[in-house]
Amino acid sequence: MSVPIRRRFNAQFKLDAVRLMHGSDRATSDIAKDLEIRPELLYRWKRELEKDPHDAFPGKGKLKPEQDQLRQLQQELKRVTEERDILKKALAFFSRNER
């Protein structure tokens, strides 16, 4: 049994497909058939574009600005937490040795 290959579409293809959907009198199912994709995929791209027109399709490995900022803040929190834990251990170590 062969596994179907998952196709990847770049942001420009998605934008063009959604624009074609909006600018045409043709049925979405016909447009999807011509593009060799499922109509549900076109509708999902349309929702993503309506939700966030500027950063709708960031691409593989790229994050939207809010997601990138959240990732950076999580990394900083982890680093600061580790530093705090090290300082606590050092304080406990030196407190025991001074007695």
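A salt bridge is counted here when a side-chain nitrogen of Lys or Arg lies within 4 Å of a carboxyl oxygen of Asp or Glu. The model is predicted, with local features needing pLDDT of at least 70 and side-chain atom pairs counting only at pLDDT 80 or more, whereas totals for chains, interfaces and linings use all residues. Residues are numbered from 1 along each chain as its sequence is written, and side-chain values rest on heavy atoms, with hydrogens and water left out.

Q: Which pattern does the protein chain follow when read along the sequence?
A: Secondary structure is taken from DSSP runs, where helices (H or I) need at least four residues and strands (E) at least two, with numbering from the N terminus. On that basis the protein chain holds four helices and zero strands. Its elements, read along the sequence, therefore give the pattern α-α-α-α.

Q: What percentage of the accessible surface of the protein chain belongs to carbon and sulfur atoms?
A: Accessible areas come from the Shrake-Rupley method with a 1.4 Å probe, and for residues only the protein chains shown count as cover. The accessible surface of the protein chain comes to about 8800 Å². The part of this surface that belongs to carbon and sulfur atoms is 53%.

Q: What percentage of the 99 residues in the protein chain is buried?
A: A residue is called buried under 20% relative accessible area, exposed over 50%, and partly exposed in between, using a 1.4 Å probe and protein chains only. Of the 99 residues in the protein chain, the buried ones make up 17%.

Q: Within what arc do the buried residues of H2 fall, seen down its axis?
A: Helix H2 spans residues 28–35, and its buried residues are Thr28, Ile31 and Ala32. They line one face of the helix, because the directions from the helix axis to their C-beta atoms fall within an arc of 100°.

Q: Which helices do the buried residues of H2 pack against?
A: The face of H2 turned away from its buried side carries the exposed residues Lys33 and Asp34. The buried residues of H2, by contrast, pack against two helices, namely H1 (11–23) and H3 (39–51).

Q: Which residues does Thr28 touch, not counting those up to four places away in sequence?
A: Thr28 is found in helix H2, and at 14% relative accessibility it counts as buried. With residues up to four places away in sequence left out, Thr28 touches Met21, Leu42 and Tyr43.

Q: How are H1 and H3 oriented, parallel or perpendicular?
A: Two packed helices are described by the angle between their axes and the distance between the axes. The axes are lines fitted to C-alpha atoms, for helices over the stretch in contact, and angles between N-to-C directions run from 0 to 180 degrees. H1 and H3 pack at an angle of about 100°, with their axes 9 Å apart. Angles under 35 degrees count as roughly parallel, over 145 as roughly antiparallel, 65 to 115 as roughly perpendicular and the rest as oblique, so H1 and H3 are roughly perpendicular.

Q: What is the N to O distance in the salt bridge between Arg71 and Asp68?
A: Arg71 and Asp68 both lie in helix H4 (residues 65–97), three residues apart, about one turn of the helix. Both are partly exposed, Arg71 with a relative accessible area of 33% and Asp68 with 25%. Their side chains meet in a salt bridge with an N to O distance of 2.7 Å.

Q: Which residues do salt bridges that share partners join into one network?
A: Glu76 and Arg79, three residues apart in helix H4, meet through their side chains in a salt bridge at 2.6 Å, N to O. Arg79 and Glu83, four residues apart in helix H4 and separated by about one helical turn, form a salt bridge at 2.4 Å, N to O. Through these shared partners, the network joins Glu76, Arg79 and Glu83.

Definitions and conventions. Contact means heavy atoms within 4.5 Å.
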